[in-house]
Amino acid sequence: MNHKWDSDNYTDNFRFVNKYGEELINFITAKKGSFVVDLGCGNGAITQILEDKGFNTLGIDSSPEMIKKARELHPSLNFILADACEFKLDKKADVIFSNAVFHWIDNHDMLAQNISKNLATGGELIFEFGGKGNADIVHSALDEAFMSRGLTYERNFNFCSIGEFAPVLERYGFKIVYAVLFDRLTEQNGENGLADWINMFIKSAFADVDLSVKQSIINQVEKICRPKLYIDGKWYVDYVRIRMKAIKI
């Protein structure tokens, strides 16, 4: 999926993405000095944490905007611009780590196959991404708001259950050692948190929509979601995450 990122806004107002990603690092059992790829590294915040923990890191992202920002913020680290389904490593990784990325990828078979090619035997694949039902309250409100204007809202995300994603990994030589699907109500930043979230993450659906209509849709979505997602003066999004660890066999 093509998605043009506002890397400055992402860095300033969506730090929770990296904060939750830090929890995943605890699943790495490879020793210090191991080669760890941060796949879909974004602005490089987690890549830096991995490096600080003693790993030999490489950040990979398909967004030119994000790679540029990562290089500005972390000039001593290595980053490359590449697609998750097509990257090629000169040396196979000991760990491939990914946070909040795989739901942006249309073809999970291509993804799993390419990761398998670039991960050493016995290597660890550790990741988290949007699971089935992720942000469903918001997406359902967008459905309603688009429909009321005679428009169609397309959910261009690849959210999965464990039962859907696990067989994909197994087809390409992975043994799954940990898997969980869980709800995580996720706080947004500021009074315009929900609108900012929509503007950051929902782009293709608005590609052919006039700005005035877009703003009207967002206003309606806020009204629909407010009873459930505006809590004690703060906006939240109803995240569902799938978290897994698999070993290349």
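Analyst: Contact means heavy atoms within 4.5 Å. Helices (H or I, at least four residues) and strands (E, at least two) are DSSP runs, numbered from the N terminus. The model is predicted: local features need pLDDT of at least 70, side-chain atom pairs need 80 or more, and totals for chains, interfaces and linings use all residues. Residues are numbered from 1 along each chain as its sequence is written, and side-chain values use heavy atoms, without hydrogens or water.

User: What covers the buried residues of H5?

Analyst: The cover includes H7 and strands S1 (35–39), S4 (93–99), S5 (119–130), S6 (174–187) and S8 (234–248). Buried means under 20% relative accessible area, exposed over 50%, partly exposed in between (1.4 Å probe, protein chains only). In H5, His108, Leu111, Ala112, Asn114, Ile115, Ser116 and Asn118 are buried.

User: What makes Asn107 a cap of H5?

Analyst: A side-chain oxygen of Asn107 lies 3.1 Å from the backbone nitrogen of Asp109, at the N-terminal end of H5. A polar contact needs N or O atoms within 3.5 Å, one able to donate a hydrogen and the other to accept it; residues adjacent in sequence count only if both atoms are side-chain atoms.

User: Why are H5 and H7 called oblique?

Analyst: H5 (residues 108–118) and H7 (residues 162–171) pack at about 40°, axes 9 Å apart. Under 35 degrees is roughly parallel, over 145 roughly antiparallel, 65 to 115 roughly perpendicular, the rest oblique. H5 and H7 are therefore oblique. Their crossing is right-handed.

User: Which residues of H5 and H7 meet?

Analyst: His108, Asp109 and Ala112 of H5 meet Phe165, Val168, Leu169 and Arg171 of H7. That contact divides into four nonpolar, one polar and two charged residues.

User: How do you know that H6 and H9 are oblique?

Analyst: H6 (residues 136–147) packs on H9 (residues 211–229) at about 140°, and the axes are 9 Å apart. The pair is therefore oblique. H6 passes H9 in a right-handed crossing. The residues of this contact are eleven nonpolar, one polar and two charged.

User: Why is Ala100 called buried?

Analyst: Ala100 has a relative accessible area of 17%, so Ala100 is buried. Ala100 sits in the loop between S4 and H5. Its phi is near 60°, positive in a residue other than glycine.

User: Does Asp232 count as buried or exposed, and why?

Analyst: Asp232 is at 77% relative accessibility, so Asp232 counts as exposed. Asp232 lies in the loop between S7 (230–231) and S8. Asp232 has a positive phi of about 50°, although not a glycine.

Terms used:
Axes are lines fitted to C-alpha atoms, for helices over the stretch in contact, and angles run from 0 to 180 degrees between N-to-C directions. A crossing is left-handed if the near helix is turned anticlockwise from the far one by less than a right angle, and right-handed if clockwise. Ala, Val, Leu, Ile, Met, Phe, Trp, Tyr, Cys and Pro count as nonpolar, Asp, Glu, Lys and Arg as charged, and the others, Gly among them, as polar.
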